[in-house]
Amino acid sequence: MTTGPVLTIHRAADEIGGNCIELEHDGHRLLLDAGSPLAGDGATDPYGAIPRTLDTSKGIAGLVISHPHQDHWGLLRSLPASWSVWSGAASETLIRMTASLSGAVVEQRFQTYRPHEPFSVGPFTITPFLTDHSAFDAHMLLVDVGGKRVLYSGDFRRVGRKAALVDRLMKNPPPGVDVLLLEGTTLGRSEAFPMEAELEEDFVALFQRTSGRVFITWSAQNIDRTVTIYRACKKAGRTLVLDLYTVDVMERLSALRDTLPRLGWPLVRAVIASSMKWMYESPERMNAPAFVERVATSGHAMGAAKLSEMRDAVVMLRSSLLRDFTNKGVKLGPEDAWAFSMWSGYLKTPEYQQVRATFDAAGATLAQIHTSGHASRDDLEEFARRIAPRRLVPIHSFTWDEHLDGFENVQRLRDGEPFPIP
């Protein structure tokens, strides 16, 4: 007997990260994301804990990944290799790169989707919508099955370089959405989130008022931020110095999107530091010594000691890179600056507290220039109103229960709770 589709959130109904959502219809199963948790078991097990309600002994029609942050795909490394995975082409590239960093291999076979082009997986028809997020190649996912329609927001925002995509979807939403799975990462936060374009001007101002070098900590996979910093360097006439991993990321993604800044562009250089060189030469990790040699002989690379002479440099900085730089005689001074361009919570970790102490001891300037990768409370409410789902299912937040006011038609689920879509 054929029944209607059933929705189950295996994890992330009451937490940020670890998203794992299942739709079941007539014996067929579709997973939306399979992320490793950010806390609990995921903090001690690098592969994350498989949710107890997720049956991995049976096959699935497919697993669709919304974007390449590990809290949305990290379980792949411990899920059956036979499961078929769908993602954007850039997402597959970044997922496999990230796995290689820790010496892991993602064994599943990937098939790639394209924005706005529906594809079928068993009885499910999925339409991806490219969206604005701090992860490159992030998508919302619309699933049609059994006469029902589910829209999964994934992670999104309206302050990045793709904010217009979210605005466009809100102006012309898919009709007849039965369930909206809506992220709520920023609920409980009251601060304003600046636009990415505003950060560009903040960086320009920092570059102009700093007489020495500017070191910046940001995620190499936050492509919006790399573009922002590069544009600011052009405006201020500074040279952007990238580490090997960031050079690798931009090179691989440029094969898919030719407009991204990369080595060989004006004002872009690479620094070859020992920690990154080791990582690329390690058989257990990136295992790409030929890549290091190619960068080294490109005419656009230098050793860490060269930074002592480059007063106009804007330098990608990680805690390991700071050790490499100081070991090569790079001395910080009050004319230098460090900009932290990630979530402020990371600045409180021991590794970045040590970095901060090093810059403080040198009398260097500290700046925090960042914006959220997630939609604000107001944007979440407006998005929900425009989509107008018959049921709104909260996900990806620790505090949804305290912030349900302002949202209509809420269907609150808990992890592992099956919900037959009415």
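Is Phe 359 buried or exposed? I looked up its relative accessible area and found 2%, so I put Phe 359 down as buried. I keep in mind that the model is predicted.

Aromatic pairs came next. I counted 14 of them in the structure. The cut-off for stacked is under 30 degrees. Tyr 113 has a relative accessible area of 5% and is buried. Phe 119, at 9%, is buried too.

I then went back to Phe 359. Phe 359 pairs with Phe 215 edge-to-face, with 5.7 Å from centre to centre and 65 degrees between the planes. I checked where the two partners sit: Phe 215 is in strand E12 (residues 214–217) and Phe 359 is in helix H11 (residues 350–361). They are 144 residues apart, and I noted that the pair links distant parts of the chain. For Phe 215 I found 0% relative accessibility, which counts as buried.

Which residues form one aromatic cluster with Phe 215 and Phe 359? I listed Phe 325, Trp 338, Phe 340 and Tyr 352.

Last, I turned to the strands. Strand E5 (residues 85–88) pairs with strand E6 (residues 110–113) in the parallel sense, over four bridges. I found Val 85 opposite Phe 110 in E6.

Definitions and conventions: Residues numbered from 1 in each chain as written. Predicted model: local features only at pLDDT ≥ 70, side-chain atom pairs only at ≥ 80, totals over all residues. Heavy atoms only, no water. Phe/Tyr/Trp six-rings, centres within 6.5 Å; stacked < 30°, edge-to-face > 60°. Buried < 20%, exposed > 50% of the residue type's maximum accessible area, 1.4 Å probe, protein only. Helix = DSSP H or I, 4+ residues; strand = E, 2+ residues; numbered from the N terminus. Pairing = 2+ DSSP bridges.
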